[in-house]
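This report describes side-chain pairs and a helix contact in one structure.

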Amino acid sequence: MTSSAEQKNTDGVERGADGAPAGGGLWGGGMPRWLPRAMVLFLVLVGLFQLADWAFRQLIDLFVMLLVSFFLSLALEPAVDRMAARGVRRGVGTFLVFVAVGVAVVGFLAALGTLLVDQVAKIAGDLPHLVDSLIGWVNRTFHQDVSLGELQNRLLKDSGTIETYVQQAADNVWGVSSTLIGGLFQAFTVGLFTFYFTAEGPRVRRTVCSMLPPAKQGEVLRAWEIALAKTGGYLYSRALLAVVSSVGHWVMFELLGLPYAAALAVWVGVMSQFVPTLGTYLAGALPVLVALTVDPVDALWVLGFVVVYQQIENYLLQPRITARTVDVHPALAFGSVIAGAALLGAVGAVIAIPAAATLQGFVGTYVRRYEVATDPRIDRGEQRRVRRELRREAARRLRRMVGGDGRRGE
């Protein structure tokens with residue numbers, strides 16, 4: 001007989017007279033067997049996620065250096081491929097390319113350092129005269145009676161504050177030194193990985209493709225070739241534009257008689273081409289400041305030439321040179337630079353344009369394009385332009401006919 005207090009259902013769970021579980025809890029008399037295992041699995045997954053997040057944050061600098069090395073190798077590999085096609089071993093060719101790039105970088109830094117040291121020495125030599133001129137201007141403008149001796153007394157009176165600043169600067173020397181050493185180590189790491197990616201380019205591609213099925217290998221190699229073409233084209237087009245810019249500005253600076261005209265011209269050419277967005281303004285600021293130390297009129301001439309040359313470059317030189325290498329719309333280039341800077345800082349801003357060109361080229365191979373029918377809603381000014389051209393052509397024909405009739409009448 002079935003008890004009125006408790007009874008068992010056919011599933012083996014004890015239930016009361018009303019059919020509810022006997023224990024009265026959520027799961028009856030005990031915890032389900034799967035719940036402890038689920039809780040342990042959840043905790044393990046959370047721990048693994050935390051561990052992966054910590055490892056990624058610790059290795060983010062390495063990933064950025066690998067990304068920079070990869071794009072640098074894409075830029076250098078076409079030159080190494082040409083040398084390898086002529087019988088030069090890839091390791092030797094990569095070494096020669098590295099030497100050429102290193103000589104160019106060292107020459108640029110040496111020219112810039114010479115210019116900087118000379119200008120600092122000149123400012124230091126003219127400092128007493130500049131201070132006297134500044135004191136005279138302050139006295140005339142603000143009706144004061146400040147003298148150089150009074151300023152010296154105030155500086156000596158506040159010597160304790162100056163000593164504090166000097167002590168703080170001396171304490172920060174260790175921090176600056178460690179930052180410099182860290183930067184040199186990162187540069188060495190980037191150079192080492194770049195050398196490996198460039199010299200072993202075919203082997204790296206073969207290794208990557210060996211881990212993919214045959215259907216995917218062609219896609220990866222196609223993307224790799226597009227990245228090679230776009231990145232190398234971006235570097236070479238920028239280098240050519242930098243050479244043209246340097247030569248043009250050097251001629252102008254020599255005509256004006258500016259000191260270190262060649263160094264200033266190289267500065268303008270390199271900064272305006274290889275520093276995104278702000279490079280043009282940084283490039284023109286230094287020669288303008290140097291020209292101010294010679295003659296303010298020369299500074300105006302320099303500023304005017306920089307502005308005019310920038311327009312010539314934007315509308316005449318750059319479209320012709322980059323049409324076959326990196327054909328990226330200016331709006332897309334500007335947006336990619338902003339996105340790259342937001343993601344990876346200065347490094348992202350530098351590699352943003354070749355990355356955008358690579359993505360654009362890769363997507364363009366898979367997006368099918370169709371012929372667009374003539375529709376005034378697409379370009380509302382197109383019909384007016386066509387009618388205007390027809391009217392001009394009709395007027396030219398009428399003038400030729402009238403001119404021909406007049407000559408026959410004579």
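Glutamate 219 has a relative accessible area of 29%, so this residue counts as partly exposed. The model is predicted. The side chain of glutamate 219 meets that of arginine 222 in a salt bridge, with 3.0 Å from N to O. Arginine 222 is likewise partly exposed, at a relative accessible area of 36%. Both residues belong to helix H7 (residues 214-256), where they sit 3 residues apart, about one turn of the helix.

**Salt bridges**

A search of the whole structure gives 8 salt bridges. Side chains of opposite charge can pair when their charged atoms come close. Three of these pairs are listed below.

| glutamate 219 | arginine 222 | 3.0 Å |

How accessible are glutamate 200 and arginine 203? Glutamate 200 is partly exposed, with a relative accessible area of 25%. Arginine 203 has a relative accessibility of 52% and counts as exposed, because the cut-off for exposed is over 50%.

Glutamate 393 and arginine 397 are both in helix H13 (residues 382-409). They are 4 residues apart there, about one turn of the helix. Glutamate 393 counts as partly exposed at 27% relative accessibility. Arginine 397 is also partly exposed, at 49%.

Salt bridges also link Glu77, Asp81, Arg90 and Arg205 into a network.

**Helices H1 and H7**

Two packed helices are described by the angle between their axes and the distance between the axes. How do H1 and H7 cross? The axis of helix H1 (residues 34-85) comes within 8 Å of that of H7, and the crossing angle is roughly 80°. The two helices are therefore roughly perpendicular to each other, since angles of 65 to 115 degrees count as such.

On the H1 side, the contact is made by Phe70, Phe71, Leu74, Ala75, Glu77, Pro78 and Ala79. H7 contributes Trp224, Ala227, Leu228, Thr231, Gly232, Leu235 and Tyr236. Sorted by class, the contact has 11 nonpolar, 2 polar and 1 charged residues. Glu77, named in this contact, is also a member of the salt-bridge network with Asp81, Arg90 and Arg205. Phe70, Phe71 and Trp224 take part in the contact, and ring pairs link these three residues into a cluster.

**Aromatic pairs**

The structure contains 7 aromatic pairs. One of them joins phenylalanine 98 and phenylalanine 195 in an edge-to-face arrangement, at 5.6 Å centre to centre and 75° between the planes. Phenylalanine 98 lies in helix H2 (residues 90-125) and phenylalanine 195 in helix H5 (residues 159-199), so the pair ties together parts that are 97 residues apart in sequence. Phenylalanine 98 is partly exposed at a relative accessible area of 26%, and phenylalanine 195 is partly exposed at 30%.

Is each residue buried or partly exposed? Phenylalanine 305 is partly exposed, with a relative accessible area of 24%. Tyrosine 309 has 11% relative accessibility and counts as buried, because the cut-off for buried is under 20%.

Methods
Residues numbered from 1 in each chain as written. Predicted model: local features only at pLDDT ≥ 70, side-chain atom pairs only at ≥ 80, totals over all residues. Heavy atoms only, no water. Salt bridge = Lys/Arg side-chain N within 4 Å of Asp/Glu carboxyl O. Buried < 20%, exposed > 50% of the residue type's maximum accessible area, 1.4 Å probe, protein only. Axes fitted to C-alpha atoms, helices over the stretch in contact; angles between N-to-C directions. Parallel < 35°, antiparallel > 145°, perpendicular 65-115°, else oblique. Contact = heavy atoms within 4.5 Å. Nonpolar A, V, L, I, M, F, W, Y, C, P; charged D, E, K, R; others polar. Phe/Tyr/Trp six-rings, centres within 6.5 Å; stacked < 30°, edge-to-face > 60°.
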